[in-house]
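Take a first look at this model with its sheet and its aromatic rings in mind.

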Amino acid sequence: MASERLHLHICEQLRDLKAVSHESLVIGAIENAFKHMDDQIEQERASQHLAGGCCALAAIYLMGKFYVANAGDSRAIIIRNGEIIPMSREFTPETERQRLQFLALLRPELLGKEFTHLEFPRRIQPKELGKKMLYRDQNMNGWAYKKIEEDDLKFPLIYGEGKKARMMATIGVTRGLGDHDLKVFSSNIHIKPFLSCFPEVRVYDLTQYEHCPDDVLVLGTDGLWDVTNDKEVAAVVMEVLTSYEPNDPCRYTMVAQELVLRSRGVLKERGWRLANDKLGSGDDISVFVIPLGGPGNYT
């Protein structure tokens with residue numbers, strides 16, 4: 001009887017097992033790989049006295065699918081028949097506000113009594129104690145009013161807008177590898193607990209579409225995207241590709257080179273300038289252009 005009950009119990013458990021797809025296993029493996037790399041960087045920091053960190057963007061092709069994993073402010077897009085398909089998003093203090101605020105709420109000791117997890121439209125002044133001010137917390141997309149208290153005078157966890165937005169007044173990205181030693185200026189408050197190493201993984205199934213030689217995946221660091229938007233990148237891709245024969249293997253390298261050159265600009269008296277005379281990118285610019293189509297899958 002005992003063995004029968006055990007058998008029934010096991011059968012019930014098997015029936016209740018959640019179906020796990022091959023795709024989700026690959027995504028989990030990529031997420032773990034990023035975590036293992038972050039751990040490796042931490043070990044080398046201690047054993048070899050190497051400090052520092054970086055954003056990470058990876059593209060993995062497996063069984064007819066592209067898995068694009070991003071941790072940081074690099075980005076990837078697919079250009080297919082002139083259509084632009086985002087394959088990642090930037091992780092900044094603004095885009096990840098609610099995750100950061102929720103972590104700060106759960107573990108207020110990480111703020112070192114110097115920061116508040118609440119967001120305000122501007123810095124609160126001591127003379128405003130007791131007055132009402134707009135705010136939002138980890139649960140809110142909109143804004144509401146609250147009475148200003150002593151804790152609200154602390155520096156906000158997230159401050160600034162756009163490219164000037166900073167987490168703990170220190171860093172403009174919220175995901176990446178390394179930076180285990182990074183601290184808030186003149187303090188012992190570590191940034192790392194808020195700087196997640198886990199990527200967002202997006203999947204593109206190549207078997208669902210017919211691709212031509214002009215369909216590509218573009219990977220670029222923020223040095224590219226800071227000064228060049230998706231449509232401008234797509235325009236450069238099409239301009240360069242059409243100037244080469246479809247079977248010329250150099251055409252994709254030339255696209256990447258042209259994107260780097262146009263984003264850097266030309267050195268003039270007032271610094272590096274783009275074609276529209278705006279400032280060129282002062283950041284590092286790395287670009288990969290990967291073809292999605294070829295003689296085997298287009299007519």
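Start at Tyr61: its relative accessibility is 51%, so this residue counts as exposed. Phe66, at 8%, counts as buried. (Buried means under 20% relative accessible area, exposed over 50%, partly exposed in between, with a 1.4 Å probe and protein chains only.)

This is a predicted model: local features need pLDDT of at least 70, side-chain atom pairs count only at pLDDT 80 or more, and totals for chains, interfaces and linings use all residues. Residues are numbered from 1 along each chain as its sequence is written, and side-chain values use heavy atoms, leaving out hydrogens and water.

The rings of Tyr61 and Phe66 have centres 5.6 Å apart and planes at 65°, so they form an edge-to-face pair. (Rings of Phe, Tyr and Trp, the last by its six-membered ring, pair if their centres lie within 6.5 Å; planes under 30 degrees apart are stacked, over 60 edge-to-face, the rest tilted.) The count comes to 4 aromatic pairs. Ring pairs also join Phe115, Phe155 and Tyr159 into a cluster.

Now the sheet. It is open, with 3 strands in the order β2-β3-β13 and antiparallel pairing. (Strands are DSSP runs of E, at least two residues, numbered from the N terminus; two of them pair if DSSP finds at least two bridges between them.) The edge strands are β2 (56-62) and β13 (200-205). β2 pairs with β3 (residues 65-71) over 7 bridges. Leu62 stands opposite Lys65 in β3.

Definitions and conventions
Helices (H or I, at least four residues) and strands (E, at least two) are DSSP runs, numbered from the N terminus.
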